[in-house]
Amino acid sequence: MNREEAVRRLLDTPHPPVPRDLAPRAAALGARRLRRARRTRRLLWTLTALALLAFVVWASAARPWEPPPAGTTPPLEAW
């Protein structure tokens with residue numbers, strides 16, 4: 001019961017005043033966070049696209065799907 005009474009006393013006291021510029025400050029902070037998140041997302045997508053482009057260029061030049069050339073030539077037979 002002691003806890004419940006403490007909570008009731010706390011809730012019965014007058015509420016602290018809210019600053020007048022609280023809503024505009026909160027909106028500005030939210031807008032800043034959204035811009036930062038959007039900028040971060042764009043940067044990550046750009047880096048992903050550049051990595052994909054670099055991989056495609058490397059793969060087209062190195063052709064890793066082809067077997068490596070043989071070190072020696074096969075013997076010549078039936079001449």
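Modeller: A residue is called buried under 20% relative accessible area, exposed over 50%, and partly exposed in between, with a 1.4 Å probe and protein chains only. With that scale, Arg-63 counts as partly exposed at 43% relative accessibility. The model is predicted, so to speak of a local feature requires a pLDDT of at least 70, side-chain atom pairs count only at pLDDT 80 or more, and totals for chains, interfaces and linings use all residues. Residues are numbered from 1 along each chain as its sequence is written, and side-chain values use heavy atoms, leaving out hydrogens and water.

Arg-63 belongs to a salt bridge (a side-chain nitrogen of Lys or Arg within 4 Å of a carboxyl oxygen of Asp or Glu). The partner of Arg-63 is Glu-66, with 3.4 Å from N to O. Glu-66 is partly exposed as well, at 39% relative accessibility. Across the whole structure, the search finds three salt bridges.

Another of these bridges joins Arg-8 to Glu-4, whose closest N and O atoms are 3.1 Å apart. Both residues sit in helix H1, which covers residues 2-12; helices (H or I, at least four residues) and strands (E, at least two) are DSSP runs, numbered from the N terminus. Because Arg-8 and Glu-4 are four residues apart in that helix, about one helical turn separates them. Glu-4 is partly exposed, at a relative accessibility of 40%.

A further bridge brings together the side chains of Asp-21 and Arg-25, at 3.7 Å from N to O. Asp-21 is partly exposed at 38% relative accessibility, and Arg-25 is likewise partly exposed, with a relative accessible area of 47%.

Rings of Phe, Tyr and Trp (its six-membered ring) pair if their centres lie within 6.5 Å; planes under 30 degrees apart are stacked, over 60 edge-to-face, and the rest tilted. The count by this rule is one aromatic pair. Its members are Phe-55 and Trp-58, a tilted pair with centres 5.8 Å apart and 40 degrees between the planes. Both residues belong to helix H2, residues 22-62, and stand three residues apart, about one turn of the helix. Trp-58 is partly exposed, its relative accessible area being 45%.

As for the chain as a whole, its secondary structure amounts to two helices and zero strands. The radius of gyration is 34 Å, well over the 12 Å that the globule rule gives for 79 residues, so the chain is more spread out than a compact globule; the radius is taken over C-alpha atoms, and the rule is 2.2 Å times the number of residues to the power 0.38. Along the principal axes, the C-alpha atoms fill a box of roughly 110 × 40 × 15 Å. Of the 79 residues, 1% count as buried.
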